[in-house]
Amino acid sequence: MSDQRRPAGRQPDLGDMDVGDFRDAAHGVADRVADYLDGLERLPVVPRVRPGDVRAQLPAQAPARGEPLERILDDYARLIEPNVTHWQHPGFMAYFSSTASGPAILGEWLAAGLNSNVMFWSNAPASTELEQTVIDWLRRMYGLPAEFDGMLCDTASVSSLLALVAARHAVPGLDSRRRGLAGRDDVGPLVLYVSAEAHMSIDKAAIVIGVGTDGVRRVPVDEDFRMRPDALRRAIAEDRAAGRQPFCVVGTLGTTSSTSIDPAGALADICQAEGLWLHLDAAYGGNAAIVPEYRGLFAGWERAQSIVVNPHKWMFTPFDASLLLFRDAEAFRAAFSIVPDYISTPSGDVRNYNEYGIQLGRRFRALKLWMQIRWFGVEGLASRIHEHCRMAQELTAWVDADSEWERMAPVPLSTVCFRWIGRGELSDDVVEAVNRGILEAVNATGRYYLSPTRLAGRYTLRVTIGNPRQTMTHVRGVWEALREAAADVVHGGS
Ligand SMILES: *Cc1c(COP(=O)(O)O)cnc(C)c1O
C-alpha cells in the first residue's frame with residue numbers, strides 16, 4: 001500500500017479515510033488525550049476567553065475541499081482544547097463533577113469504532129445483551145431488588161421524561177397515548193408533586209407531556225431541604241378537592257443545590273395509599289448506594305415505580321450515561337411501543353430497546369460501563385465514592401471549626417454548602433456581596449472552579465467532590481483559596 005500512498009494532505013476523491021492513515025492518526029489522538037490528562041493541572045479550570053473569542057477564529061464556511069488531518073488537529077490543539085472548561089480537572093468542584101475515567105474513555109472509543117445502533121436485538125445483538133447485563137449489574141450494585149429492569153438514556157432529564165410519560169399512561173381511563181390531553185373536558189388537570197428543591201428537568205418534562213408548569217406542585221421542604229410528607233399529603237388532598245388529578249410524585253435523592261435526600265419510604269407510603277406513581281430522581285446521589293454503608297440514606301427507594309441514576313455524574317463514566325430503572329417494563333412498552341412495517345423487530349425473548357422510550361436509534365453506552373465496572377471492580381468504585389464522602393467530611397469539619405464561616409446544609413454525601421459570615425454582624429446583603437466576591441476570586445485563580453446556589457434564600461457557596469483524581473491536596477487547596485479570597489475581599493474593601 002505504501003507505494004500507493006497519496007501525497008500528504010490529499011484526500012481520496014471517493015471513499016473514507018485510508019485505514020492505514022486512520023491507524024496512524026488514532027495513535028496520535030491517543031497520545032494527545034493522554035498528554036491532556038497528564039497536563040490538566042497546568043491549565044486554568046475555566047479558560048480565559050470572552051464570548052465570541054473562539055467563534056471569531058473559526059471560518060464562517062465549511063471548506064469546499066478536504067483538509068489534511070494534521071492541520072485539523074493543530075487547530076484542535078490551538079483553538080478547542082485550551083478553550084473548553086475542563087470538567088476533567090481535579091479543581092473542577094462546581095455543579096456535580098462529571099469525570100471520564102481512563103477505562104471508560106477507552107470503551108467510548110471502541111463504541112465509536114463499532115457504531116452499533118442499539119435499536120433492537122437483531123441489529124445490535126451483543127450491544128443489547130451487554131446493556132441488559134450492565135443494567136442488572138448496576139441494579140445489584142445499588143442493592144435494588146430483581147423486579148427492577150431498565151434502560152440506558154442520555155441524561156436524567158430524558159430518563160425522567162420517559163418515566164413521567166409512563167406515569168401518565170398508567171392513569172386509569174386517561175388513554176392519553178391515543179387521545180392526547182388537549183381539548184378534553186372529561187379529565188381534570190393532571191398534577192405532579194416535587195419538592196421545592198427539585199431539579200428543573202421535572203418542570204421541563206411537565207412541559208413536554210402536556211401537564212404544564214401549572215401542573216407541577218412544589219411541596220415545601222423541612223429545615224434540611226427534604227420534602228415534607230405532611231405537606232405532600234395536604235397538597236394532594238387539596239388538589240383532589242379542587243377537581244384536579246394527582247398522578248405522580250417525584251422525590252429527589254440528592255438535590256442539586258444541597259444534596260438533600262427526600263424520605264423515600266414516606267413518599268412510597270403516600271403514593272401507595274393514593275394510587276400515585278413514585279419516580280425518584282437520584283441522578284447524582286444514587287451512585288452512593290454502591291457503598292453499602294450509605295444505602296440506608298435511600299431506604300424505601302426500592303418501592304418506587306421508576307428511578308434515575310446518572311453514572312456520568314458520580315461513577316466516572318464519560319458523558320453521557322443515565323440509567324433509568326423501572327419496576328414494570330410493560331408500563332413503558334405500553335406507553336411507547338410502535339412497530340411499523342419498515343422495522344421488522346424480532347419477536348421472542350429478546351429486548352428491543354426502542355420500544356421502551358422515544359428514541360429509535362440509540363448509542364451503545366453499555367460498553368464503556370462494562371469496561372469501567374470491570375476495571376475498577378464494584379469495591380474499587382465503592383471505595384472511591386466513599387473517599388469522596390470522607391474528604392467532604394474533612395472540609396465540613398474545617399468549615400464548622402471556623403467561626404467566620406457558616407455551613408448551610410447537612411452533608412450526607414460529597415457536597416459541602418457554606419458561606420462566609422465574618423463576625424456575624426453584617427447584613428445578608430453585605431454577606432452576599434462578599435461571598436460573590438469570594439467565588440469570583442477563587443475561580444479567577446484558575447486552580448479551582450466553584451458554582452454558587454441559593455438555600456433558604458441565602459447565597460451559598462458549594463464545593464463538590466467526585467473526581468477519582470481528587471485528593472486531600474485539592475480539598476485543602478480549595479479551602480485555603482477560599483480563606484485567602486475572603487481576607488482579600490474583606491480587606492480589599494469591596
Ligand atoms: C444534574 C441533575 C439532573 C439533570 O441531569 P442531566 O443528566 O444533565 O439531565 C437531574 N436531577 C438532579 C437531581 C441533578 O442533580
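Strands (E, at least two residues) and helices (H or I, at least four) are DSSP runs that are numbered from the N terminus. Six of the seven residues of strand β11 (residues 458-464) are buried, which leaves the strand mostly covered; buried stands for under 20% relative accessible area, exposed for over 50%, and partly exposed for values in between, with a 1.4 Å probe and protein chains only.

Strand β11 also pairs with strand β10 (residues 453-455), again in the antiparallel sense, over three bridges, and Leu-455 stands opposite Arg-458 in β11. The two strands β10 and β11 make a hairpin with two residues between them, and in this turn Ala-456 has a positive phi of about 50°.

## Basis of the model

Residues are counted from 1 along each chain as its sequence is written, and side-chain values rest on heavy atoms, with hydrogens and water left out. Because the model is a prediction, local features need pLDDT of at least 70 and side-chain atom pairs count only at pLDDT 80 or more, whereas totals for chains, interfaces and linings use all residues.

## The seven-stranded sheet

Seven strands make up an open sheet with mixed pairing, in the order β1-β7-β6-β5-β4-β2-β3. Its edge strands are β1 and β3 (216-219), each of which pairs on one side only. With direction ignored, neighbouring strands of the sheet are turned by 20° against each other on average, the axes being lines fitted to C-alpha atoms (for helices, over the stretch in contact) and the angles running from 0 to 180 degrees between N-to-C directions.

On one side of the order, strand β1 (residues 149-153) is antiparallel to β7 over five bridges, with Ser-322 of β7 as the bridge partner of Cys-153. Strand β7 is likewise paired with β6 in the antiparallel sense, here over four bridges, and Phe-326 of β7 is the bridge partner of Ser-306. Five of the five residues of β7 (residues 322-326) are buried, so the strand is largely enclosed by the rest of the structure. Ser-322, Leu-324 and Phe-326 point one way from β7, while Leu-323 and Leu-325 point the other way, and all are buried.

Strand β2 (residues 190-195) runs parallel to β3, and four bridges join them; the partner of Val-194 in β3 is Arg-218. Helix α9 (residues 229-241) lies across β2, β3 and β4 (245-252), and runs at about 165° to β2.

## Aromatic pairs

There are 17 aromatic pairs in the structure, a pair being two rings of Phe, Tyr or Trp (its six-membered ring) with centres within 6.5 Å, called stacked if the planes are under 30 degrees apart, edge-to-face if over 60, and tilted for the rest. Among them, Tyr-284 and Trp-314 are stacked, at 4.7 Å centre to centre with 10° between the planes. This pair links distant parts of the chain, 30 residues apart, as Tyr-284 is in the loop between β5 (277-281) and β6 (306-309) and Trp-314 is in helix α11 (residues 311-314). Tyr-284 and Trp-314 are both buried.

The pair of Phe-418 and Trp-479 is edge-to-face, because the ring centres are 6.5 Å apart and the planes stand at 85°. Phe-418 belongs to strand β9 (residues 415-420) and Trp-479 to helix α15 (residues 472-491), so this pair ties together parts that are 61 residues apart in sequence. Phe-418 is buried with a relative accessible area of 0%, and Trp-479 is buried with 7%. Elsewhere, ring pairs link Trp-87, Phe-92, Tyr-95 and Tyr-449 into a cluster.

## Charges over rings

The charged end of Arg-351 sits over the ring of Tyr-356, at 4.4 Å from the ring centre; this assignment needs NZ of Lys or CZ of Arg within 6 Å of the ring centre and within 35 degrees of the ring normal. Arg-462 lies over the face of Phe-96, 4.9 Å from the centre of that ring.

## Surroundings of Ser-101

Ser-101 is in the loop between α3 (69-80) and α4 (102-114), and it is buried, with a relative accessible area of 3%. Apart from neighbours within four places in sequence, Ser-101 is in contact with Phe-316, Gln-372 and Phe-376, contact meaning heavy atoms within 4.5 Å. The Ser-101 side chain reaches the backbone oxygen of Phe-316 at 2.8 Å.

Technical notes. Polar contact = N/O pair within 3.5 Å; in protein donor to acceptor, adjacent residues only side chain to side chain. Pairing = 2+ DSSP bridges.
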